[in-house]
Amino acid sequence: MSWNLMFFVNSVLLGVGLAMDAFSVSMANGLNEPKMKFGRMSLIAGCYGFFQFAMPMIGWICVHTIVVYFQKFEAFIPWIALLLLLYIGGKMMIEGIKGEDDEDAGDKRLSFGTLIIQGIATSIDALSVGFTIADYGAVMALIASVIIAVVTFFICIGGLMIGKTVGTKLSNKSAILGGVILIGIGIEIFVKGVFF
């Protein structure tokens with residue numbers, strides 16, 4: 001692969017495709033925390049962007065070093081994403097149901113641990129991108145991963161803004177809806193990874 005316009009276009013499109021799960025989770029987080037400030041939104045989007053950067057690079061490194069072991073691990077990726085998102089989504093739904101009578105039910109802060117789990121769960125399928133960019137040199141793989149991260153960041157900021165807007169209108173039902181969205185994303189990743 002050479003440095004040309006198609007390299008950048010492909011990297012942006014790859015970023016858009018990979019960011020869709022993170023976008024949906026961002027909307028769920030915005031629903032769950034409608035009073036979120038922009039600095040916190042940037043932290044959340046930055047976390048997702050970081051993992052979308054790291055996973056393709058880890059995949060690329062695996063292709064160039066331990067490809068046989070990575071191919072065996074790849075079968076577990078949909079299962080890991082499903083379990084993580086079922087756990088987070090289920091927890092969010094339970095909190096939404098239990099907290100329906102609370103005044104602050106529509107504004108539960110996302111913990112750092114949950115954010116990291118979401119970042120991993122929504123980007124773990126990007127490990128496979130390491131195979132897609134395997135013919136890139138190290139610098140090109142790094143640039144492609146940075147482009148993916150930047151695209152993810154801005155898409156997630158949009159998701160958080162949409163979620164906040166809708167979350168403010170839904171009040172305490174937003175945590176339940178956010179949980180349903182996360183569970184749906186987990187099932188979608190699992191079905192795509194196992195059956196297609």
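These exercises walk through a predicted model, each with a worked solution.

Residues are numbered from 1 along each chain as its sequence is written. Local features need pLDDT of at least 70 and side-chain atom pairs count only at pLDDT 80 or more, while totals for chains, interfaces and linings use all residues; side-chain values use heavy atoms, without hydrogens and water.

**Exercise 1. Confidence**

Find where in the chain confidence is lowest and where it is highest.

Solution. 
- Start with the scale: pLDDT is the predictor's confidence in each residue, from 0 to 100.
- The chain has a mean pLDDT of 83, and 89% of its residues reach 70 or more.
- Helices are DSSP runs of H or I with at least four residues, numbered from the N terminus.
- Helix H3 (residues 67-74) is lowest, at a mean of 69, and H2 is highest, at 92.
- Over residues 101-106 the pLDDT is below 50. Beyond near neighbours in sequence, that stretch has nine contacts in the model (contact: heavy atoms within 4.5 Å).

**Exercise 2. Helix H5**

Compare the span of H5 with its expected value, then list its buried residues.

Solution. 
- H5 covers residues 112-123, which is 12 residues.
- The expected span is 1.5 Å times one less than the number of residues.
- Next, burial. Buried means under 20% relative accessible area, exposed over 50%, and partly exposed in between (1.4 Å probe, protein chains only).
- The buried residues are Thr 114, Leu 115, Gln 118, Gly 119, Ala 121, Thr 122 and Ser 123.
- Take Gln 118: at 0% relative accessibility, this residue counts as buried. Leaving aside neighbours within four places in sequence, Gln 118 contacts Val 25, Asn 29, Tyr 48, Ile 88, Met 92, Leu 110 and Leu 182.

**Exercise 3. Aromatic pairs**

Work out why the pair Phe 7 and Phe 8 is edge-to-face.

Solution. 
- Rings of Phe, Tyr and Trp (its six-membered ring) pair if their centres lie within 6.5 Å. Planes under 30 degrees apart are stacked, over 60 edge-to-face, and the rest tilted.
- The whole structure holds six aromatic pairs.
- For Phe 7 and Phe 8, the centres are 5.0 Å apart and the planes stand at 75°, so the pair is edge-to-face.
- Phe 50 and Phe 51 have centres 5.3 Å apart and planes at 70°, so this pair is edge-to-face.
- Phe 7 is buried at 0%, whereas Phe 8 is partly exposed at 36%.
- Phe 51 is buried at 11%, whereas Phe 50 is partly exposed at 48%.

**Exercise 4. The core**

Solution. 
- Such a core is a set of buried Ala, Val, Leu, Ile, Met, Phe, Trp, Tyr and Cys residues joined through side-chain atoms within 4.5 Å.
- The largest has 39 residues. Ile 44, Tyr 48, Leu 85, Tyr 136 and Leu 182 have the most contacts inside it.
- H1, H2, H4, H5, H7 and H8 each supply at least two residues.
- H2 gives the most, with nine residues.

**Exercise 5. Cysteines**

How many disulfides are there?

Solution. 
- A disulfide is a pair of cysteine sulfur atoms within 2.5 Å.
- The closest cysteine sulfur to that of Cys 47 is in Cys 156, 9.5 Å away, too far for a bond.
- The count is zero.
- Cys 47 is buried at 10%, and Cys 62 is buried at 11%.
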